[in-house]
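Colleague: I have not looked at this one before. Can you walk me through it?

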Amino acid sequence: MAVGKSAIGRQLANHRAATFVDTDDLVVGQHGPIAEIFARRGEPAFREIEARAVAQAIEQSLGNSAVISLGGGAVLDSGTQQLLGRCMVVYLECDAATVAERIARNSVRPLLAGDAIGRWQTLFAARKPVYERLANLVLDVRSGTVPELTRRLENALQGYAAETAAVAPMPAATKKVD
C-alpha cells in the first residue's frame, strides 16, 4: 500500500506502449468504492471481488503488452498466486518511513483505520514473504522520483529479459534491482 504501484506502473506502461490496468480501478468501476465494499460486505467479500478482477486483468492481457497493478493484499489469494506464475512479477519494496506521509494524506484505506502506520507495518510483515516469493524482480522504491524509478525498472526488465534469454529455461528466480 502506498508504494507507488499505480504511478510507476502507469509510466512504465506509457514508455512501453502497453496497456495499464489497475485492479483497484476495475473493482471500483464494477462494484463501487473499496471502502464501501469493506463497510457493507467485509474484507472476505472484497478479496473475492479483487481476485476476480486480477484474473480478468491477467486473462485479458495474455498475448498483449500490459502492466497490471495489484492491490497490496491481492497476492494473498492462492488462485491469484497461481495466475501470477504466468507473469513477470515486480515487487516494489518500501518501508513505513517512506510511505508514512502518503498514508497520512489518504484516509480512505479501510485496512489502515486507527493506527495507520502500525497497521501498515503489521500488514507488510505478513505479506512481505509472499511478495518476495512471487517476485521475479525487486525494485527498492525508498528513494527516487517516479521517472527515475521507472527508468531503473525498465533497465532491470531489459537485463532480466537478456539473462533469461541467454540461459536455458529454469524456474523463476528473484533478482534484486540495484
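Modeller: One term to begin with: accessible areas here come from the Shrake-Rupley method with a 1.4 Å probe. On that basis the chain exposes about 9600 Å², and carbon and sulfur atoms supply 54% of that area. Keep in mind that this is a predicted model.

Colleague: OK. How many helices and strands does the chain have?

Modeller: The secondary structure comes to 8 helices and 5 strands. Along the sequence, they follow the pattern α-β-α-α-α-β-α-β-α-α-β-α-β.

Colleague: And what share of the residues counts as buried?

Modeller: Of the chain's 178 residues, 40% are buried. As for contacts between residues at least 6 apart in sequence, 72% of them join residues at least 24 apart.

Colleague: Let's take helix 4. What span should it have, and what span does it have?

Modeller: Helix 4 covers residues 43-61, which is 19 residues. At 1.5 Å a residue it should span 27 Å, and its end C-alpha atoms are 27 Å apart, so the two agree.

Colleague: Which of its residues are buried?

Modeller: The buried residues in helix 4 include Ala45, Phe46, Arg47, Ile49, Glu50, Ala53 and Ile58.

Colleague: What covers them?

Modeller: The cover includes strand 1 (19-22), helix 2 (23-31) and helix 3 (34-41). It also includes strand 2 (66-69), helix 5 (78-84) and helix 7 (116-134).

Colleague: What comes just after helix 4?

Modeller: Gly63, which takes a positive phi of about 85 degrees.

Colleague: Which residue has a positive phi although it is not a glycine?

Modeller: Ala17 does, with a phi of about 55 degrees. Most residues other than glycine have a negative phi. Ala17 sits in the loop between helix 1 (5-15) and strand 1.

Colleague: Is Ala17 buried or exposed?

Modeller: Ala17 is exposed, because its relative accessible area is 72% and the cut-off for exposed is over 50%.

Colleague: Switching to helix 7. Where does it bend?

Modeller: Helix 7 bends by about 40 degrees at Arg127, and a proline, Pro129, follows within four residues. The 19 residues of helix 7 should span 27 Å at 1.5 Å a residue; the end C-alpha atoms are 26 Å apart, which agrees.

Colleague: Which residues of helix 7 are buried?

Modeller: Gly118, Trp120, Leu123, Phe124, Arg127, Val130, Tyr131 and Leu134.

Colleague: What about Tyr91 and Tyr131?

Modeller: The ring centres of Tyr91 and Tyr131 are 5.3 Å apart with the planes at 40 degrees, so that pair is tilted. Tyr91 lies in strand 3 (residues 90-93) and Tyr131 in helix 7, so the pair ties together parts that are 40 residues apart in sequence. Tyr91 is buried, with a relative accessible area of 6%, and Tyr131 is buried at 14%.

Colleague: How many disulfides are there?

Modeller: The count comes to 0 disulfides, where the cut-off is a pair of cysteine sulfur atoms within 2.5 Å.

Colleague: Last one. Where is Leu139, and is it buried or exposed?

Modeller: Leu139 is in strand 4 (residues 137-140). At 0% relative accessibility Leu139 counts as buried. Leu139 and Leu153 are 14 residues apart in sequence and 6.8 Å apart in space, C-alpha to C-alpha.

Technical notes
Residues are numbered from 1 along each chain as its sequence is written. This is a predicted model: local features need pLDDT of at least 70, side-chain atom pairs count only at pLDDT 80 or more; totals for chains, interfaces and linings use all residues. Side-chain values use heavy atoms; hydrogens and water are left out. Helices (H or I, at least four residues) and strands (E, at least two) are DSSP runs, numbered from the N terminus. The expected span of a helix is 1.5 Å times one less than its number of residues. Buried means under 20% relative accessible area, exposed over 50%, partly exposed in between (1.4 Å probe, protein chains only). Contact means heavy atoms within 4.5 Å. The bend at a residue is the angle between axes fitted to the seven residues ending there and the seven starting there. Rings of Phe, Tyr and Trp (its six-membered ring) pair if their centres lie within 6.5 Å; planes under 30 degrees apart count as stacked, over 60 as edge-to-face and the rest as tilted.
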